[in-house]
Amino acid sequence: MTNPPETNVELQHTAKRNLWMHFTRMSAYADGDVPVIVRGSGPYVFDNHGRRYLDGLSGLFVSQVGHGRTEIADAARRQASELAYFPLWSYAHPRAIELADRLAELAPGDLNRVFFTTSGSEAVESAWKLAKQYFKLTGQPERYKVLSRDIAYHGTSMGALAITGLADIKYPFEPLPPGGVRVPNTNFYRAPDFVADDVTDFGRWAADEIERAILREGPESVAAVFLEPVQNSGGCFPPPPGYFARVREICDTYGVLLVSDEVICAFGRLGHYFGSARYGYQPDIITFAKGVTSGYSPLGGMLVRDALMEPFNRGTATFLHGITFAGHPVSAAVALANLDVFEKEDLLGNVRAHEASFRATLEKLYDLPIVGDIRGDGYFYGIEMVKDKDTRETFTDEESERLLRGFLSTALFDAGLVCRADDRGDPVIQLAPPLICGQEHFDEIEHILREVLTEAWQRI
Ligand SMILES: Cc1ncc(COP(=O)(O)O)c(C=O)c1O
């Protein structure tokens with residue numbers, strides 16, 4: 001074993017020799033430095049050169065309460081000293097019990113049962129497995145298929161990947177578990193012509209497409225529909241009015257479970273503890289992760305309706321699924337401390353009080369020729385970039401490659417903003433700042449975006 005690297009040269013050398021970064025073209029760092037973030041404070045992070053960046057993506061939609069909270073770190077330290085680990089297999093520990101109680105209290109309706117995981121992918125995977133086993137236990141064993149939206153991201157484990165609607169990240173791992181079925185997403189900016197004039201008609205059409213897919217597949221074969229309250233991938237698609245009410249109706253008609261994948265949208269991102277509460281719909285299962293701990297320790301899980309648990313309460317029935325580190329005591333203690341911060345500082349109130357000014361500040365960017373659409377809710381926005389505002393023409397693959405990877409990602413970071421330039425759908429910039437942010441941070445985001453997007457346009 002070597003000593004820990006200290007200088008930037010050593011860090012770079014060791015990172016390039018030993019570290020494999022996720023969803024990263026490693027070749028991109030052949031001629032340049034790997035960015036190394038060493039600490040954080042409030043909505044800012046700092047690199048190993050001491051440069052400061054506004055964390056406009058909360059890391060990866062995670063750091064709701066911001067960085068450097070010693071009260072949460074202290075909760076982790078106390079728990080690790082008292083009981084660092086014990087499994088939730090047959091046993092329980094106090095922090096998991098307390099957290100399950102608190103989440104059930106916050107969750108909408110009768111979502112009272114919490115199954116913990118360590119990540120969002122595991123939460124999604126668990127929800128699908130629960131749906132399959134639930135239907136086997138209740139005499140409908142042929143229900144196994146899952147519907148989800150085009151371009152939606154639901155995670156990377158094989159099951160979650162089968163639910164994900166991004167062809168490019170699935171192909172290398174095919175064949176995937178059978179049963180993933182796609183329905184249209186809710187990008188009104190790119191709505192088909194026949195519903196492009198009225199967002200309610202568009203929403204009705206998009207929801208009805210779920211019914212058509214269920215009928216096409218055979219209702220007796222469909223287990224669940226997985227939807228995010230606001231779809232992230234593709235650049236923040238809020239639900240059109242009436243969309244979720246109609247989806248709920250369709251699910252009830254055909255006995256299909258509605259899973260609200262709130263890995264991003266829960267814990268204040270939309271000004272509510274759960275995104276489904278913002279849009280007034282009742283899911284059968286909510287999957288969560290990320291913001292539940294604000295990233296001070298990993299945790300995920302699913303919240304499940306009492307009725308789904310009921311068959312597992314009888315005789316020898318057992319949900320045959322488990323994860324060693326799920327509901328880890330340190331993570332559960334951290335989540336409780338994180339929720340204390342939410343309450344003490346009224347972070348949901350902060351998002352609700354400032355979301356209109358966040359939107360208004362971003363909308364100033366509409367005067368730039370490259371800005372086609374700005375969409376989102378709460379502290380969660382996507383900015384779609386276009387080549388022609390009037391026709392909404394998007395960039396070619398080559399232009400997109402040159403614009404996003406060749407310029408924007410690095411230029412935004414160099415200008416002091418952590419955000420994401422993404423082309424999994426049409427090219428977008430994604431923003432999700434910590435929930436503690438206010439006008440000064442929105443102005444900083446707008447200022448940096450204005451400078452960098454102006455230069456990007458000149459380079460096209
Ligand atoms: C909606 C959604 N579901 C699932 C996941 C997977 O979560 P994880 O990366 O924690 O496995 C993500 C991750 O970004 C997500 O956004």
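A crossing of two helices is right-handed if the near helix is turned clockwise from the far one by less than a right angle. The legends below describe close-up views of a predicted model.

**Figure 1. Packing of helix α13 against helix α15 in the predicted model.** The crossing of α13 and α15 is right-handed. Helix α13 spans residues 347-363 and helix α15 spans residues 439-459; their axes lie 9 Å apart at an angle of about 20°. Angles under 35 degrees count as roughly parallel, and α13 and α15 are therefore roughly parallel to each other. On the α13 side, the contact is formed by H354, S357, F358, T361 and L362, and on the α15 side by Q439, F442, D443, I445, E446 and L449. Sorted by class, this contact comprises five nonpolar, four polar and two charged residues.

**Figure 2. Packing of helix α8 against helix α9.** Helix α8 (residues 199-217) packs on helix α9 (residues 243-254) at an angle of about 20°, and 8 Å separates the two axes. This angle makes α8 roughly parallel to α9. The crossing of these two helices, α8 and α9, is right-handed. From α8, the residues G203, R204, A206, A207, D208, I210, E211, I214 and L215 meet Y243, R246, V247, I250 and Y254 of α9. The contact of α8 with α9 holds nine nonpolar, one polar and four charged residues.

Figure 3. A polar backbone atom of G120 is 2.8 Å from an oxygen atom of the ligand. In the side chain of D261, a polar atom lies 2.8 Å from a ligand nitrogen atom. An N or O atom in the side chain of K290 is 3.0 Å from an oxygen atom of the ligand.

Terms used: Residues numbered from 1 in each chain as written. Predicted model: local features only at pLDDT ≥ 70, side-chain atom pairs only at ≥ 80, totals over all residues. Heavy atoms only, no water. Axes fitted to C-alpha atoms, helices over the stretch in contact; angles between N-to-C directions. Helix = DSSP H or I, 4+ residues; strand = E, 2+ residues; numbered from the N terminus. Parallel < 35°, antiparallel > 145°, perpendicular 65-115°, else oblique. Contact = heavy atoms within 4.5 Å. Nonpolar A, V, L, I, M, F, W, Y, C, P; charged D, E, K, R; others polar. Polar contact = N/O pair within 3.5 Å; in protein donor to acceptor, adjacent residues only side chain to side chain.
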